[in-house]
Amino acid sequence: MTLDYPHLAQQIDALCHGETDTVALMATVVCELHHAHPLSDWTGFYRVTAPDLLKIGPYQGGHGCLVIPFSRGVCGAAARLGQPQLVPDVELFPGHIACASSTRSELVLPVWNGAGRLLGVLDLDSNTEAAFNDEDVQQLTAILAVVFRDAV
Ligand code: SME
């Protein structure tokens, strides 16, 4: 099963159109994406709540770590570097934070609003190795840019 990104983008746009509340948008994106992605076992946002600090936001899956400094893990790297982190094998990522020991691969994307403020990161974790690819990066980056453009 592959993910129909045009359909997902359309669905998210229909649900989120006109909404600017960041948490409401995150909750809706996570719900749609988690149920649509065949290999994501944990799908969630971490929010920037203080300088260099991420705190858990809306998510689906088992419980996640509550606090992640920018200096730690895959999420911290995405926030610190402002770059997507595509990690096919978490064992090979120095400093990876194992919230669930079953996690084998992950993808983390920075999330900005249209004014260029970093709102947080989107984290997808999978129990399957190399579950995510460049298409996920491209498509999700485009969806996030549209959804969070006017987020406050
Ligand atoms: N694996 C992430 C931590 C978040 S959880 O797995 C939900 C990381 O290393 O940033």
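A polar side-chain atom of histidine 96 sits 3.4 Å from a nitrogen atom of the ligand. This is a predicted model. Glutamate 106 also faces a ligand nitrogen: one of its polar side-chain atoms lies 2.8 Å away. Valine 74 takes part through its backbone. There, an N or O atom lies 2.9 Å from an oxygen atom of the ligand.

How much of the ligand's accessible area does the protein cover? On its own, the ligand has 310 Å² of accessible area, and the protein covers 99% of it.

## The shell around the ligand

Which of them gives the most? H3 does, with three residues.

The surrounding residues are Trp42, Tyr46, Ile68, Gly73, Val74, Cys75, His96, Ile97, Cys99, Glu106, Asp123 and Asp125. By class, seven are nonpolar, two are polar and three are charged.

## Helix H3

H3 deserves a separate look. Is it enclosed or open? Seven of its nine residues are buried, so the rest of the structure largely encloses H3. The buried residues are Gly73, Val74, Cys75, Gly76, Ala77, Ala78 and Ala79.

What do these buried residues pack against? Their partners are S1, strand S2 (53–60), strand S3 (67–69), strand S4 (85–87), strand S5 (105–112) and S6. After H3 comes glycine 82. The phi of glycine 82 is positive, near 65 degrees.

## The chain as a whole

The protein chain holds four helices and six strands. Read from the N terminus, its elements run α-α-β-β-β-α-β-β-β-α.

Along the principal axes, the C-alpha atoms fill a box of roughly 40 × 40 × 25 Å.

## Burial, contacts and surface

Of the 152 residues in the protein chain, 45% count as buried. Take the contacts between residues at least 6 apart in sequence: 52% of them join residues at least 24 apart.

The protein chain exposes about 7500 Å². Carbon and sulfur atoms supply 53% of that area.

Note on methods:
Residues numbered from 1 in each chain as written. Predicted model: local features only at pLDDT ≥ 70, side-chain atom pairs only at ≥ 80, totals over all residues. Heavy atoms only, no water. Near = heavy atom within 4 Å. Polar contact = N/O pair within 3.5 Å; in protein donor to acceptor, adjacent residues only side chain to side chain. Areas by Shrake-Rupley, 256 points an atom, 1.4 Å probe, with all protein chains shown as cover. Helix = DSSP H or I, 4+ residues; strand = E, 2+ residues; numbered from the N terminus. Nonpolar A, V, L, I, M, F, W, Y, C, P; charged D, E, K, R; others polar. Buried < 20%, exposed > 50% of the residue type's maximum accessible area, 1.4 Å probe, protein only. Contact = heavy atoms within 4.5 Å.
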